[in-house]
Amino acid sequence: MDVGLTPLRPVRCLVCGAIAMALSAATAHAQSIEDARAAFREGRFLEAAELGEAEGTSDGYALAAQSLAVYGHYAAPEEDRNAVLDRAVELGEAATGADPANAEAHFQAAHALGRHALSIGRLSALREGLAGRIRDFLDAALAIRPDFADAHVALGSWHADIADAGRIARWMFGGDREEAIIHFERALELAPDSKVVLLEYGLRLPELDRDGGGERAREMLSRAVELPAQDAYGEFIHGDVVEALASLDAAG
């Protein structure tokens with residue numbers, strides 16, 4: 001009788017059980033985050049935020065922040081908007097705290113802050129120092145992932161908007177039109193068929209290039225309006241593109 005092997009059997013069972021539990025947890029996690037992403041794609045933003053936050057991970061918090069930022073900006077009742085966007089900001093910060101090396105977390109933290117800044121107005125946002133915080137998150141995202149097209153277009157928008165805000169804002173935060181063009185062109189190179197890239201660059205190009213910018217902006221927006229929306233958020237972006245193109249046409 002080989003008694004030497006007998007004590008190993010329960011140990012093997014415990015190891016097998018631990019592996020099975022770990023695999024089950026990983027499967028449940030993957031399913032849960034996919035459920036949250038599906039809810040976001042379908043426009044169930046509050047559900048996506050709830051599922052993402054429940055994950056308790058950097059990716060989950062980032063998705064929750066994105067969901068609430070989009071919902072707060074486009075769909076929330078006016079009386080709820082500030083509270084929704086405040087929560088989006090908190091979740092964006094939670095995402096970066098959970099994993100400082102997650103570029104998407106930094107980008108969604110900047111996105112949430114940007115939507116919050118829009119809701120309170122440019123002057124209030126500047127007084128609260130939101131511009132500097134947004135820039136820090138975007139710089140962090142690009143330091144981690146240099147070819148992050150959405151972060152490039154967001155930083156291009158940041159530079160253009162700060163430059164447009166006046167001399168004091170430019171002095172305080174360093175917004176620069178040439179830097180804006182550099183980031184926009186890089187984003188366009190990385191994602192030439194992105195409705196977001198075409199929209200954000202097209203909105204700001206007439207001011208960035210007062211000679212030929214208006215015509216090129218019209219070309220960008222006309223191209224963007226022909227691209228299909230990929231999800232519910234894309235439908236909102238499509239509406240923004242249509243509105244921007246109409247405004248440009250009306251301005252002549």
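Figure 1. Setting aside the neighbours within four places in sequence, Arg216 is in contact with Glu185, Leu188, Tyr201 and Leu205, where contact means heavy atoms within 4.5 Å. The model is a predicted one, in which local features need pLDDT of at least 70 and side-chain atom pairs count only at pLDDT 80 or more, while totals for chains, interfaces and linings use all residues. Residues are numbered from 1 along each chain as its sequence is written, and side-chain values use heavy atoms, with hydrogens and water left out. Arg216 lies in helix H12, which covers residues 213-226; helices (H or I, at least four residues) and strands (E, at least two) are DSSP runs, numbered from the N terminus. With a relative accessibility of 30%, Arg216 counts as partly exposed, given that buried means under 20% relative accessible area, exposed over 50%, and partly exposed in between (1.4 Å probe, protein chains only). The C-alpha atom of Arg216 is separated by 7.6 Å from that of Gly202, the two residues being 14 residues apart along the chain.

**Figure 2. The whole chain and its confidence.** The protein has 13 helices and zero strands, and buried residues make up 41% of its 252 residues. Among contacts between residues at least 6 apart in sequence, 58% join residues at least 24 apart. The protein exposes about 13200 Å², of which carbon and sulfur atoms supply 55%; accessible areas come from the Shrake-Rupley method with a 1.4 Å probe, and for residues only the protein chains shown count as cover. The mean pLDDT of the protein is 88, and 85% of its residues reach 70 or more, pLDDT being the predictor's confidence in each residue, from 0 to 100.

Figure 3. H3 is mostly covered, with 14 of its 17 residues buried. Ala65 lies in helix H3 and counts as buried because its relative accessibility is 0%. Leaving aside neighbours within four places in sequence, Ala65 is in contact with Ala88, Leu91 and Gly92. The C-alpha atoms of Ala65 and Gln108, 43 residues apart along the chain, are separated by 6.4 Å.

Figure 4. Rings of Phe, Tyr and Trp (its six-membered ring) pair if their centres lie within 6.5 Å, and planes under 30 degrees apart count as stacked, over 60 as edge-to-face and the rest as tilted. By this rule the count comes to seven aromatic pairs. One of them, formed by Phe40 and Phe45, is edge-to-face, with 5.4 Å centre to centre and 75° between the planes. Phe40 counts as buried because its relative accessibility is 6%, and Phe45 counts as buried at 4%. Ring pairs link Phe40, Phe45, Tyr74, Tyr233 and Phe236 into a cluster.

Figure 5. Ala141 is found in helix H7, which covers residues 130-144, and is buried, with a relative accessible area of 0%. Not counting residues up to four places away in sequence, Ala141 touches Ala103, His106, Phe107, Phe148 and Ala151. The C-alpha atoms of Ala141 and Ala103, 38 residues apart along the chain, are separated by 4.3 Å. The charged end of Arg145 sits over the ring of Phe148, 4.0 Å from its centre; a charge sits over a ring if NZ of Lys or CZ of Arg is within 6 Å of the ring centre and within 35 degrees of the ring normal.

Figure 6. His183 lies in helix H10, which covers residues 177-190, and counts as buried because its relative accessibility is 12%. Leaving aside neighbours within four places in sequence, His183 is in contact with Leu142, His152, Leu155, Gly156 and His159.
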